[in-house]
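Let's walk through this fold together, one piece at a time. Have the viewer open and follow along.

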Amino acid sequence: MNVYKKHNSFLELRHRSKDIEWRVRERIQRLSLQLEPPDLHSKQVSIWRKAVDDLLTQAPDDGRPRFRLSPNVIEEINSFPDAVVPRYLVHRYRYEMYPQLHIIDDYPPYLQIEPTSRCNYRCVFCYETDPTFTKRSSGFMGSMSIDLFKRVVDEAQGNVEFISLASRGEPLLCPDIEAMLAYTPGKFLNLKLNTNASLLDERGCHAILQSGVKTVVFSADAAREPLYSQLRVGGKLDEVLTNIERFQRLRETRYPNRNIITRVSGVKFSDEQDLDSMEQLWGGLVDQVAFVKYNPWENTYMQPKNDLIAPCSDLWRRMFVWWDGKVNPCDVDYKSTLSVGNLLKSSLSKLWVGAEYSGLRETHLSSNRSGIEPCSRCTVV
């Protein structure tokens with residue numbers, strides 16, 4: 001059984017920025033000397049001190065979980081001014097460490113907002129290939145309204161700093177995506193948008209570059225045909241390449257001071273895929289090129305049951321908000337059998353600390369995930 005570690009899903013990541021780790025650590029060391037970091041309340045100051053202690057103290061390997069910086073996090077820190085770094089590390093610590101320590105506070109460390117569940121691709125490793133999910137009469141397909149989006153963003157602002165605009169579908173298919181993006185500037189430290197880039201026209205490029213998006217992930221899994229279209233069924237590599245070239249050109253010429261990180265990221269599904277060819281094609285157009293581990297998302301409900309007892313980290317890490325307001329603890333359960341409620345009737349905080357979420361966590365902590373569907377068939381920890 002291949003266990004999928006959600007907090008460390010990169011198989012490999014390559015980036016343009018070289019030899020920046022020592023500069024980032026030097027900045028953290030300097031900032032740690034401040035008695036009261038700006039923009040942090042007392043509880044956050046305590047978290048900041050824990051993060052700094054883990055990062056800067058040469059402690060023995062005693063088996064205790066410790067906060068560490070991965071290459072993509074180092075690059076994110078490098079892109080922020082000093083005044084923002086303490087706040088970023090507080091929320092990064094919550095994202096990395098709270099799932100390991102099983103700590104819950106008022107809000108999830110990470111919020112995944114789904115502009116739409118519809119997609120124009122049928123990638124071989126994705127649940128969009130499940131006809132019982134994509135069939136219109138099943139009720140799973142739809143797009144979030146701008147009013148609901150604003151409601152979610154308004155509650156999250158100041159409470160959740162890590163946000164993704166993506167989940168089960170392709171965000172650029174949402175009719176209100178431009179209005180959604182226009183509502184985001186200045187509201188989150190790390191707002192990420194995932195897109196297959198097939199619909200990324202010039203207007204969409206401007207909408208992203210004028211928004212509060214910090215990281216754009218272009219989902220692509222190969223650097224040549226026919227492999228690309230065999231994996232991303234419905235897509236064409238030349239069209240996606242043209243669109244990403246346009247984005248990079250506009251970024252350089254029209255938004256030269258826009259502090260944004262771009263990444264081409266693929267799912268490592270086949271032995272035919274290799275990162276060298278990916279870097280050769282995409283490396284000049286984006287800041288990072290990566291592969292993430294494959295997990296059998298395409299139909300969790302048909303997977304055989306397993307004997308995994310370790311709790312799922314996502315129960316302490318992130319919350320998923322579907323297009324219709326439904327809140328789910330994960331996207332492996334893409335049909336929402338574990339839904340904990342709806343934001344049309346409740347709030348992010350009430351659902352996060354509520355009885356349904358708490359019950360799931362307690363069941364996982366007691367080594368009884370095998371009694372929950374589809375947790376019994378899932379390998380995410």
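Strand 2 and strand 8 run parallel as a pair, joined over 4 bridges. Within that pairing, Leu 111 has Met 319 of strand 8 as its bridge partner. Keep in mind that what you're looking at is a predicted model.

On to the neighbour, strand 3: strand 2 (residues 110-113) and strand 3 (residues 162-165) also pair in the parallel sense, again over 4 bridges. Here Tyr 110 sits opposite Phe 162, and Gln 112 sits opposite Ser 164.

So which way do the side chains of strand 2 point? Tyr 110 and Gln 112 go one way, Leu 111 and Ile 113 go the other, and all of them are buried.

Now zoom out. These strands belong to an open sheet of 10 strands, with mixed pairing and the order 1-7-6-5-4-3-2-8-9-10. Its edges are strand 1 (10-15) and strand 10 (341-342), each of which pairs on one side only. Packed on the sheet is helix 4 (residues 85-101), which touches strand 2, strand 3, strand 4 (190-195) and strand 8 (318-321). The direction of helix 4 makes about 70° with that of strand 3.

Helix 4 has a partner worth a look, namely helix 2 (residues 42-56). Helix 2 has 15 residues and spans 21 Å from first C-alpha to last, close to the 21 Å expected at 1.5 Å a residue. How do the two helices cross? Their axes come within 9 Å and cross at roughly 75°, so helix 2 and helix 4 are roughly perpendicular to each other. On the helix 2 side, the contact includes Gln 44, Ile 47, Trp 48 and Leu 55; on the helix 4 side, Leu 89, Tyr 93, Met 97 and Tyr 98 are among the residues involved.

The buried residues of helix 2 include Val 45, Ala 51, Val 52 and Asp 54. Helix 1 (21-31) and helix 4 are among the things covering the buried residues of helix 2.

Finally, the nonpolar cores. The largest one has 89 residues, and Leu 111 is one of those with the most contacts inside it, as are Ile 163, Phe 247 and Trp 282. Trp 282 touches residues including Ala 220, Leu 237, Ile 244 and Val 289. Apart from that core lies another, of 29 residues, and Ala 51 and Val 52 turn up in it, along with Ile 20 and Leu 31.

Terms used
Residues are numbered from 1 along each chain as its sequence is written. This is a predicted model: local features need pLDDT of at least 70, side-chain atom pairs count only at pLDDT 80 or more; totals for chains, interfaces and linings use all residues. Side-chain values use heavy atoms; hydrogens and water are left out. Two strands pair if DSSP finds at least two bridges between them. Contact means heavy atoms within 4.5 Å. Axes are lines fitted to C-alpha atoms, for helices over the stretch in contact, and angles run from 0 to 180 degrees between N-to-C directions. The expected span of a helix is 1.5 Å times one less than its number of residues. Buried means under 20% relative accessible area, exposed over 50%, partly exposed in between (1.4 Å probe, protein chains only). A nonpolar core is a set of buried Ala, Val, Leu, Ile, Met, Phe, Trp, Tyr and Cys residues joined through side-chain atoms within 4.5 Å. Angles under 35 degrees count as roughly parallel, over 145 as roughly antiparallel, 65 to 115 as roughly perpendicular and the rest as oblique. Lists of a residue's contacts leave out its neighbours within four places in sequence.
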